[in-house]
Amino acid sequence: MKHFDYGMVIVPAAPVRKKPNHRQEMSNQLLFGEAVKILGRKNATWIKIESIFDGYVGWTTSHLLAVTDEAAALKPCHTLAPQLLNEIRIQKQTMQLPLGASLRNLQHKRGSVGDIAFSFAEKPLNPTAIKDKKKFILKQARLWLNAPYMWGGKTILGVDCSGFCQTLYKIAGVAIARDAWEQALQGRRVRSLKTAGPGDLAFFEEDDKIVHVGLIIGDQQIIHASGKVRIDHLDKKGIIHSDTGERTHTLKLIRRFID
């Protein structure tokens with residue numbers, strides 16, 4: 001078993017579970033190149049980790065990580081995978097990376113995670129260079145339409161509501177929390193739907209708890225991961241399913257992260 005204090009993900013999307021067992025709930029995914037701090041270990045397989053990006057804690061398996069040091073783990077990465085799926089060459093093989101994966105130490109089409117080298121032939125995404133973040137997020141969101149809902153997911157092949165929003169904001173250079181209830185504590189409160197605008201996040205409740213989040217896109221519409229990534233009608237009471245006319249979610253509050 002590897003013994004180290006920090007690591008970086010070396011697979012397209014590493015599953016993070018609530019407990020150290022493959023049968024346990026997958027609560028999150030960490031994308032290629034994302035760094036973690038090691039909090040603990042259980043047997044030769046499982047390690048307890050904390051994401052450097054958002055502080056999310058869970059369990060993953062050690063073989064999905066490369067060894068790194070604290071300085072490398074804490075170093076911001078401004079070169080991200082720009083497309084929904086992106087091919088790299090790593091250890092003489094190809095690998096498909098999801099949008100938002102961290103292409104660390106990328107120079108002249110070559111980079112590395114820990115001591116593992118890779119190459120990427122295309123132009124990476126630099127979030128710090130995006131001038132109109134709202135416009136960028138809204139355009140990117142529509143590319144996810146019909147992606148299947150998957151609890152804990154953060155890629156086009158499976159995504160949950162808060163993972164969808166977090167990834168969209170991440171690629172625009174805005175860091176927000178992983179879960180919807182945490183996101184609802186961030187940003188700036190918008191007083192009402194009338195004063196909300198495209199790019200704001202709307203949060204929805206059930207039994208007085210935040211259980212869902214979506215991205216307002218304007219014209220009384222919201223894009224969100226519910227069954228699949230879809231666009232539905234939004235009014236002051238909540239979401240109305242665009243196909244069935246059924247009210248599916250109750251609006252609790254709206255937050256603004258980009259002015």
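## Contacts of L97

Contact here means heavy atoms within 4.5 Å. The model is predicted. By this criterion, and leaving aside residues up to four places away in sequence, L97 touches P12, F32, L84, L85, N86, I88 and L103. L97 sits in strand β9, which spans residues 93-98.

Is L97 buried or exposed? Its relative accessibility is 0%, so L97 counts as buried, the limit being under 20%. One of its contacts, N86, is 11 residues away along the chain, and the C-alpha atoms of L97 and N86 are separated by 4.9 Å.

## Nonpolar cores

The largest nonpolar core has 35 residues. W144, F164, Y169, L201, L215, I223 and V229 have the most contacts inside it. At least two residues of this core come from each of α2 (133-143), α3 (161-171), β15 (201-206), β16 (209-218), β17 (221-226) and β18 (228-235). Which element gives the largest share? That is α3, with 6 residues.

A second, separate core has 20 residues, and M8, F32, A66 and F118 are among them. F32 is also one of the residues that L97 touches. In soluble globular proteins, nonpolar side chains tend to be buried together.

Y169, listed above for its contacts inside the largest core, touches I137, V174, I176, G199, D200, L201, L215, F257 and I258, again not counting residues up to four places away in sequence. Of these, L201 and L215 are also listed with the most contacts inside the core.

## Helix α2

The buried residues of α2 are F136, I137, L138, Q140 and A141. They pack against α3, β16 and β17. I137 is also touched by Y169.

Q140 lies in helix α2. Why does Q140 count as buried? Its relative accessibility is 11%, and the limit for buried is under 20%. Not counting residues up to four places away in sequence, Q140 touches L99, L168 and I171.

## Strands β1, β4 and β5

Strand β4 (residues 35-42) pairs with strand β1 (residues 6-9) in the antiparallel sense, over 3 bridges. Strand β4 is also joined to β5 (residues 46-51), by 6 bridges, and these two strands run antiparallel.

V36 in β4 takes part in both pairings: G7 stands opposite V36, and in β5 the bridge partner of V36 is S51. The hairpin of β4 and β5 has 3 residues between the strands, and N43 in this hairpin takes a positive phi near 55°.

## Pockets

Rolling a probe the size of a water molecule over the atoms shows where empty space is left. The largest pocket holds about 370 Å³ of space. Its lining has 20 residues, of which F53, P76, C77, S102 and K170 lie nearest the centre. By class, this lining divides into 11 nonpolar, 5 polar and 4 charged residues.

The second largest pocket has a volume of about 280 Å³. It is lined by 17 residues, and W151, S162, D179, A180 and W181 lie nearest its centre. The lining of this second largest pocket has 8 nonpolar, 4 polar and 5 charged residues.

Which elements each supply at least two residues of the lining of the second largest pocket? They are α3, α4 (180-183) and β16. The largest share, 3 residues, comes from β16.

Key. Residues are numbered from 1 along each chain as its sequence is written. This is a predicted model: local features need pLDDT of at least 70, side-chain atom pairs count only at pLDDT 80 or more; totals for chains, interfaces and linings use all residues. Side-chain values use heavy atoms; hydrogens and water are left out. A nonpolar core is a set of buried Ala, Val, Leu, Ile, Met, Phe, Trp, Tyr and Cys residues joined through side-chain atoms within 4.5 Å. Buried means under 20% relative accessible area, exposed over 50%, partly exposed in between (1.4 Å probe, protein chains only). Helices (H or I, at least four residues) and strands (E, at least two) are DSSP runs, numbered from the N terminus. Two strands pair if DSSP finds at least two bridges between them. On a 1 Å grid over the protein atoms alone, a cavity is a set of points where a 1.4 Å probe fits but cannot get out, and a pocket is an open set with protein on both sides within 12 Å along at least five of seven lines; lining residues have an atom within 4 Å of a point. Grid points are joined across faces, edges and corners, and a volume is the space filled by probe spheres set on the points. Ala, Val, Leu, Ile, Met, Phe, Trp, Tyr, Cys and Pro count as nonpolar, Asp, Glu, Lys and Arg as charged, and the others, Gly among them, as polar.
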